[in-house]
Structure formats: C-alpha cells, structure tokens
Amino acid sequence: QVQLVESGGGLVQPGGSLRLSCAASGSIFSIYTMGWYRQAPGNQRELVARITDGGSTTYVNSVKGRFTISRDIAKNTVYLQMDSLKPEDTAIYYCNADLRHSRFDILRGYWGQGTQVTVSS
C-alpha cells in the first residue's frame with residue numbers, strides 16, 4: 001500500500017557530509033510526521049530526527065547542530081542533511097512516516113528498507 005524509498009547513504013570521511021532522502025508513495029491521504037531513525041550493530045533503533053506537517057522538528061541531542069531535517073510536503077519527501085559526521089554516526093538509517101490512508105483513518109506507521117551510512121577514514 002505504501003512504500004518508503006530511501007537514498008543517499010554511503011561511505012564518508014569524518015567531518016564530511018551526506019544528504020539522505022526518503023520518498024513516500026502509494027495510498028496516502030496525509031502524512032503527519034516523517035522522520036529518521038538509526039540502528040548501529042548491537043544497539044537499539046533510535047530516533048535521529050523527525051518533522052511534523054506543521055514544520056516542528058525534534059532531534060536527538062547527539063546530532064543537534066550537525067543534522068538538519070526538512071520536508072517537501074507536496075512530494076511526500078523528507079530529507080536529512082548530515083554535516084560534521086562522526087564515526088559514531090555509522091549506522092543503518094531508516095525512514096519512518098505516520099500517515100492516513102483516508103480522511104477518517106487512524107495514523108499508521110511505515111518504515112523504509114534502510115540505507116547504510118558509514119563514517120570512516
């Protein structure tokens with residue numbers, strides 16, 4: 001019904017930058033929040049950043065001042081600009097969207113397949 005397709009991951013040196021994109025498609029009436037989570041080996045999945053349809057943003061403390069989340073509502077797309085990357089940012093990054101299939105539907109959460117970000121010299 002809904003697909004979230006991520007792109008933009010890869011290998012980057014410490015201090016470098018990457019930009020992740022996630023496009024949602026399918027049976028979508030409206031999207032409330034879109035966000036990025038990450039999971040490093042041996043760790044639980046954690047919220048990195050999210051943005052509401054009104055533009056309110058939330059960041060985990062470890063990325064504040066380095067990462068910026070933005071959203072193109074018309075394109076159902078969310079971006080994560082990652083600057084000053086550190087080795088501890090290495091993880092699989094997952095896109096998430098909370099959305100409705102119709103006007104009176106409940107909010108439903110969907111996940112992308114994940115994209116690898118590796119920060120290493």
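Colleague: Before we start, what should I keep in mind about the numbering and the kind of model?

Modeller: Residues are numbered from 1 along each chain as its sequence is written, and side-chain values use heavy atoms, with hydrogens and water left out. The model is predicted, so local features need pLDDT of at least 70 and side-chain atom pairs count only at pLDDT 80 or more, whereas totals for chains, interfaces and linings use all residues.

Colleague: Are C22 and C95 buried or exposed?

Modeller: Buried means under 20% relative accessible area, exposed means over 50%, and partly exposed is in between, with a 1.4 Å probe and protein chains only. C22 is buried at a relative accessible area of 0%, and C95 is buried with a value of 0%.

Colleague: What is the strand order in the open sheet of 4 strands?

Modeller: Two strands are taken to pair if DSSP finds at least two bridges between them. The open sheet of 4 strands has the order β1-β3-β8-β7, and its pairing is antiparallel. At the edges stand β1 (2–7) and β7 (67–72), each with a single partner strand, so one side of each is left without a neighbour in the sheet. For the angles, axes are lines fitted to C-alpha atoms, for helices over the stretch in contact, and angles run from 0 to 180 degrees between N-to-C directions. Neighbouring strands of this sheet are turned by 15° against each other on average, direction ignored.

Colleague: How many bridges join β7 to β8?

Modeller: There are 6 bridges joining β7 to strand β8 (residues 77–82), and the two run antiparallel. D72 stands opposite T77 in β8. In the loop between β7 and β8 is N76, which has a positive phi of about 50° although it is not a glycine, and which is partly exposed, with a relative accessible area of 23%. S84, in the loop between β8 and β9, also has a positive phi, near 50°, in a residue other than glycine; S84 is partly exposed at 41% relative accessible area.

Colleague: What does the side chain of R71 reach?

Modeller: Lys and Arg count as positive and Asp and Glu as negative, while His and the chain ends are not counted. A salt bridge is a side-chain nitrogen of Lys or Arg within 4 Å of a carboxyl oxygen of Asp or Glu. R71, whose place is in strand β7, is buried yet has no salt bridge, and the nearest side chain of opposite charge, D53, is 5.5 Å away. The side chain of R71 instead reaches the backbone oxygen of I31 at 2.7 Å and the backbone oxygen of I51 at 3.3 Å.

Colleague: How many salt bridges are there, and which residues share partners in one network?

Modeller: By this rule the count comes to 4 salt bridges. D89 forms one with R38, the closest N and O atoms being 3.0 Å apart, and this pair links distant parts of the chain, with D89 in the loop between β8 and β9 and R38 in strand β4 (residues 30–39), 51 residues apart. Both D89 and R38 are buried. R66 forms a salt bridge with D89, with closest N and O atoms 2.8 Å apart, and R66 counts as buried at 10% relative accessibility. R108 forms a salt bridge with D105, the closest N and O atoms being 2.9 Å apart; R108 is partly exposed at 36%, whereas D105 counts as buried at 14% relative accessibility. Salt bridges that share partners join R38, E46, R66 and D89 into one network.

Terms used. A polar contact is a pair of N or O atoms within 3.5 Å; within protein, one must be able to donate a hydrogen and the other to accept it, and residues adjacent in sequence count only if both atoms are side-chain atoms.
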